[in-house]
Number of protein chains: 2
Amino acid sequence: MLAEIITIGDEILIGQIVDTNSAFISQQLNKIGVQVYQITSIQDDKQHILTALEEAKQRAQLVLVTGGLGPTKDDITKQCFCEFLGDTLVEDLPTLQHIKELFHTYFNKIPSQINLNQALVPSTATVLLNEHGTAPGMWMERDGVVFVSMPGVPYEMKSLLTNKVLPRVIDRFDRPFIYHKTLLTYGLGESTIAERIAHWEENLPPSIKLAYLPSFGRVRLRLSSKGKDQVKLMESVDSLMEELWKILEDIAVGYEDETSVVNRIGELLIKKGKTLSLAESCTGGAIAEEITQHAGVSSFYQGSIIPYATELKTSILGVSAETIKKHNVVSLQVAEAMATRSNLLFQSDYAIATTGIAGPDKGDGKDEVGTVCIAIAGPDGIVSEKFLFGKARERVIQKSVNKAFEMLLKEILKN
Amino acid sequence: MLAEIITIGDEILIGQIVDTNSAFISQQLNKIGVQVYQITSIQDDKQHILTALEEAKQRAQLVLVTGGLGPTKDDITKQCFCEFLGDTLVEDLPTLQHIKELFHTYFNKIPSQINLNQALVPSTATVLLNEHGTAPGMWMERDGVVFVSMPGVPYEMKSLLTNKVLPRVIDRFDRPFIYHKTLLTYGLGESTIAERIAHWEENLPPSIKLAYLPSFGRVRLRLSSKGKDQVKLMESVDSLMEELWKILEDIAVGYEDETSVVNRIGELLIKKGKTLSLAESCTGGAIAEEITQHAGVSSFYQGSIIPYATELKTSILGVSAETIKKHNVVSLQVAEAMATRSNLLFQSDYAIATTGIAGPDKGDGKDEVGTVCIAIAGPDGIVSEKFLFGKARERVIQKSVNKAFEMLLKEILKN
């Protein structure tokens with residue numbers, strides 16, 4: 001059972017937007033045992049769209065298409081499907097009614113003709129009502145292959161896929177069970193890990209695939225398998241993962257499908273009844289942003305201070321001006337003082353503090369770009385470390401965020 | 001002159017990572033007049049890779065491939081290129097030396113055999129040294145089509161593309177000039193804009209293409225054109241854009257190629273010698289993170305406070321507990337007080353404050369999920385507004401961020 005994804009839109013091919021839809025769709029399909037064979041991004045061009053549909057039909061039983069359903073002239077996906085299916089557009093009354101209601105509720109006005117045209121669908125399509133927008137989803141078939149057209153706006157697509165498309169895919173197709181399990185590690189490089197686990201890797205059964213996924217100082221190791229017997233499959237992957245965990249115990253963080261580092265931190269803090277605050281200088285809110293992406297963090301997360309200007313480390317956080325002058329603003333001493341003061345200010349149990357030079361300029365400090373000091377203050381005292389994360393701003397910030405969470409997790413686990 | 005991008009890696013097709021490389025490569029190619037015809041994401045599978053290379057060769061003159069160059073067993077891109085080109089792997093001495101140096105500098109150890117194997121390249125490939133990693137880039141040819149293989153790690157790929165690949169593409173290919181200009185608007189929907197500009201759109205010359213790009217309450221309007229005569233091309237797009245700006249003057253923010261809203265805010269603040277601080281509750285650091293993504297913000301950005309827990313709005317920011325009790329924590333009054341206090345705390349001229357319910361839970365407030373109050377305090381006083389941004393957490397946060405920057409920009413422009 002293979003699926004393909006086709007994303008339509010010139011904005012993808014000129015690099016104006018990053019296609020995040022494909023990753024979401026792939027994840028969701030994988031969970032229900034549908035393997036994505038290929039993802040193809042193409043232009044808003046009739047011939048290109050028709051060719052892509054035809055080619056995907058040769059390879060897959062299910063083709064999910066996003067984009068090109070807007071009300072404006074550059075959107076031609078529906079017209080292409082009509083040509084592909086030998087069909088014509090007809091008005092779908094429930095969609096028409098839905099468009100009128102949306103306009104009444106949110107804009108208190110009557111939709112124009114180009115909005116009402118979004119209710120036009122190929123006559124043979126099963127219409128999937130889009131609760132969050134005016135362009136409906138469409139479920140179509142040709143020669144036994146299912147084609148689904150969805151809008152490219154991510155939250156509209158996500159809701160349609162989850163609530164309308166996946167249940168129909170589950171009904172319609174006989175699927176194997178696909179199982180992935182990913183171990184998150186930190187502190188060692190890809191090749192060093194490969195050497196350490198070489199013997200274990202050589203003895204993997206051919207039905208189980210191992211992949212190395214390196215990213216900013218972390219390596220994720222993913223085992224994948226698929227088959228009919230769900231229980232047996234899970235048992236064999238789980239037991240291999242346990243072996244792997246033992247070999248890599250000192251660098252293992254957790255299994256990614258169950259938990260991210262932030263989730264694990266949250267679970268542990270809630271369990272222990274402890275709270276967290278942040279004092280972010282060079283990371284400038286990136287740690288806070290990663291925490292607040294998760295729902296439910298208000299149970300342990302008190303808040304953050306971002307004293308971007310040096311003098312604010314003194315005036316708000318209360319780090320002594322003398323410490324800054326003596327040790328330099330990018331120093332273990334300042335990071336430690338920031339973390340300690342953050343716990344006082346926010347009345348928290350644990351605090352992360354960062355101070356460094358994200359670049360591209362050196363700023364007024366004497367350290368080179370990429371120098372970052374991170375401190376964790378907690379019930380067991382303070383730990384701090386100085387890093388050199390390279391020259392690229394984005395990389396310096398992301399590596400700092402990852403490292404900060406890892407240091408915090410270690411501290412929490414001590415107790 | 002058409003190019004294609006092929007990204008290789010199972011992690012893309014199971015949705016474990018979002019492919020951000022393709023957008024970067026497309027942007028860069030576009031700038032030098034190379035149009036990307038198709039982006040194809042495929043698995044680490046020999047037959048699939050060979051088929052994708054063959055198909056891309058039929059359509060394009062330049063094929064950029066990322067991924068599958070790691071030192072581990074799941075990476076097979078080099079082997080596939082050998083088969084595709086009828087070539088064999090040979091050791092590249094400069095790469096070998098580079099790998100040894102990298103290991104010495106960063107790990108103070110001798111590389112293992114699997115690391116040294118990264119110096120193996122197809123014998124006919126021109127090797128492009130990867131300064132930031134061990135896997136080199138490779139420039140290869142077959143039947144007049146150029147194939148470039150690069151690692152999938154984003155910062156390694158970016159550096160290789162910018163410094164090694166693009167200069168060679170410019171040398172090798174005769175390219176037209178491609179010109180895009182994008183107008184950023186806010187506050188009106190796609191179809192309302194389409195109606196307003198219908199007459200202007202109908203009179204666009206066929207050589208110039210208009211696209212609507214909606215995202216979280218903003219619509220970007222992009223004009224694209226390509227040809228040989230750079231001056232004429234830019235003149236005609238620029239003059240059409242000026243017409244468009246006039247029609248949409250009340251909702252136009254700026255041209256995206258030149259400026260983002262944050263950049264525009266930064267430029268204006270620096271010019272006026274004013275500073276900014278943030279008091280983010282429901283956005284939890286997302287505004288700070290967007291600001292600090294830009295280099296050079298320390299010239300105007302003082303810092304932020306994220307009083308996630310309600311009591312911190314009083315204890316740190318100094319919003320009176322009575323105001324919170326009387327008006328509710330999600331209220332215009334509290335947002336306004338937060339913004340005013342933020343200016344005091346950070347000694348800044350302008351402050352943005354957000355308070356709301358990002359969801360998915362309602363929290364302890366009486367407002368429904370998606371309710372957000374935003375206030376801007378500045379030299380001209382305080383403005384605030386209450387919004388309802390829907391039920392999806394990610395969307396609530398992103399819409400709040402966009403709206404906050406727009407409100408701030410308006411205030412700065414008043415003066």
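In the predicted model, A:Gln347 has 15 C-beta neighbours inside 10 Å and is therefore classed as partly exposed, since a residue is buried only if 20 or more other C-beta atoms lie within that distance and exposed if 12 or fewer do. This glutamine, A:Gln347, is placed in the loop that runs between α15 (332-346) and β15 (350-356) of chain A. The backbone of A:Gln347 adopts a phi near 50°, a positive value in a residue other than glycine. In chain B, B:Gln347 is found in the loop between α15 (332-346) and β15 (350-356) of that chain. Its phi is likewise positive, with B:Gln347 near 50° and not a glycine. Because 15 other C-beta atoms lie within 10 Å of B:Gln347, this residue is also partly exposed.

The largest nonpolar core comprises 132 residues. Within this core, the members that touch the most others are A:Met338, A:Ala339, B:Met338 and B:Ala339. Another core, lying apart from the largest one, contains 39 residues, including A:Val36, A:Ala52, A:Phe147 and A:Val169. The surroundings of B:Met338 were examined with neighbours within four places in sequence left aside. On that basis, B:Met338 is in contact with B:Ala279, B:Lys313, B:Leu317, B:Val319, B:Ala353, B:Thr355 and B:Ala375. In general, nonpolar side chains of soluble globular proteins tend to be buried together.

Between the chains, 66 residues of chain A are in contact with 66 residues of chain B. The side of chain A that touches chain B consists, by class, of 35 nonpolar, 22 polar and 9 charged residues. Strand pairing also links the two chains: strand β14 (residues 301-306) of chain A pairs with strand β14 (residues 301-306) of chain B in the antiparallel sense, over 3 bridges. In this pairing, A:Ile306 has B:Ser304 of β14(B) as its bridge partner.

Chain A is divided into three parts, namely domain 1 (2-172), domain 2 (177-255) and domain 3 (264-414). The centres of domain 1 and domain 2 of chain A, taken over C-alpha atoms, are separated by 36 Å.

As regards confidence, chain A has a mean pLDDT of 90, with 97% of its residues at 70 or more. For the complex, the predictor gives an ipTM of 0.71 and a pTM of 0.71. Where pLDDT is low, the predicted coordinates should not be read in detail.

Notes. Residues are numbered from 1 along each chain as its sequence is written. Chains are lettered from A and ligands numbered from 1 in the order in which they are written. This is a predicted model: local features need pLDDT of at least 70, side-chain atom pairs count only at pLDDT 80 or more; totals for chains, interfaces and linings use all residues. A nonpolar core is a set of buried Ala, Val, Leu, Ile, Met, Phe, Trp, Tyr and Cys residues joined through C-beta atoms within 7 Å. Two residues are in contact if their C-beta atoms, placed from the backbone, lie within 7 Å. pLDDT is the predictor's confidence in each residue, from 0 to 100. Ala, Val, Leu, Ile, Met, Phe, Trp, Tyr, Cys and Pro count as nonpolar, Asp, Glu, Lys and Arg as charged, and the others, Gly among them, as polar. Two strands pair if DSSP finds at least two bridges between them. Helices (H or I, at least four residues) and strands (E, at least two) are DSSP runs, numbered from the N terminus. Domain bounds come from an automatic or database domain assignment.
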